[in-house]
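Here is a short tour of one model, written for someone who likes to know the cut-offs. Have the viewer open and follow along.

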Amino acid sequence: MSWGNEFVELNKSEHDRNSFDCGEPELNTFIKTQAAKHMQAGISRTMVLPSALPLLNQKYAICAFYSVAASSISRETLPASLAKKLPGHPVPVFLIAQLAVHKEFHGSGLGKVSLIRALNYLWQVNHHMRAYAIAVDCLTDSAQAFYRKFGFEVLCEHNGRIRMFLPMKTVEQLFCK
Ligand SMILES: CC(C)(COP(=O)(O)OP(=O)(O)OC[C@H]1O[C@@H](n2cnc3c(N)ncnc32)[C@H](O)[C@@H]1OP(=O)(O)O)[C@@H](O)C(=O)NCCC(=O)NCCS
């Protein structure tokens with residue numbers, strides 16, 4: 001299996017959700033049963049990278065996906081040096097709610113590609129509606145180590161997960177140089 005050219009919005013009739021396996025049951029369940037419902041409900045958007053060629057059932061396998069949503073953080077969770085420049089009410093952020101790569105491709109650079117595409121997507125959104133940072137909620141220590149590698153810092157614990165963030169000013173440096 002090889003991956004296609006670009007991320008597109010998840011489409012239940014085109015993309016084979018059942019064959020996706022990233023090794024994390026919670027993320028597998030999300031793409032199989034929740035991602036489309038969440039889009040329908042208007043609470044997040046899931047972008048998938050389809051396989052270059054269709055499977056026998058004529059659907060395209062999902063090689064990787066990311067889900068994004070709007071969110072907010074409390075100013076108090078930020079380091080004091082950043083918090084002092086912000087107002088007291090909730091601070092808007094974009095959330096990479098989920099990101100995963102099919103286990104067939106682990107270690108082949110697709111996680112990095114997916115993260116950069118997700119950051120670029122949110123950077124484009126930021127042209128229209130500003131957010132202070134991009135946040136991620138890490139399911140495992142391994143996910144935390146992955147995001148740390150790309151400059152994310154720990155923010156706080158949120159619903160039993162470690163929430164990390166990357167300031168939008170840092171994202172700007174990535175795409176505006
Ligand atoms: C985490 C995940 C997305 C990484 O995908 P991947 O395709 O294996 O990662 P890549 O091959 O693109 O690796 C990119 C870089 O990150 C590093 N990396 C990958 N996984 C890592 C991990 N768990 N911890 C630390 N570094 C990691 C790689 O060594 C590589 O470094 P390099 O650029 O210096 O060579 C993938 O393992 C996955 O889908 N895991 C299950 C779901 C999950 O945990 N998602 C996280 C969000 S909750």
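## Strand pairing

How many bridges join strand 6 to strand 8? Six bridges join strand 6 (residues 133-138) to strand 8 (residues 161-167), and the two run antiparallel. Strands pair here if DSSP finds at least two bridges between them. Helices (H or I, at least four residues) and strands (E, at least two) are DSSP runs, numbered from the N terminus. Opposite Cys138 stands Ile162 in strand 8.

Strand 7 (residues 153-158) is also antiparallel to strand 8, with five bridges. His158 has Arg161 in strand 8 as its bridge partner. Two residues lie between the strands of this hairpin, and Asn159 takes a positive phi near 50 degrees there.

## About the model

This is a predicted model: local features need pLDDT of at least 70, side-chain atom pairs count only at pLDDT 80 or more, and totals for chains, interfaces and linings use all residues. Residues are numbered from 1 along each chain as its sequence is written.

## Around the ligand

The ligand has 23 residues around it, and His106, Gly111, Lys112, Ala143 and Ala145 come nearest. A residue counts as near if its C-beta atom, placed from the backbone, lies within 6 Å. Helix 4 gives the largest share of the shell, five residues. Strand 5 (91-101), helix 3 (110-128) and helix 4 (141-149) each supply at least two residues.

## Helix packing

Helix 3 and helix 5 (residues 168-175) pack at about 105 degrees, with axes 10 Å apart; axes are lines fitted to C-alpha atoms over the stretch in contact, and angles run from 0 to 180 degrees between N-to-C directions. Helix 3 is therefore roughly perpendicular to helix 5, a label for angles of 65 to 115 degrees.

Technical notes: Parallel < 35°, antiparallel > 145°, perpendicular 65-115°, else oblique.
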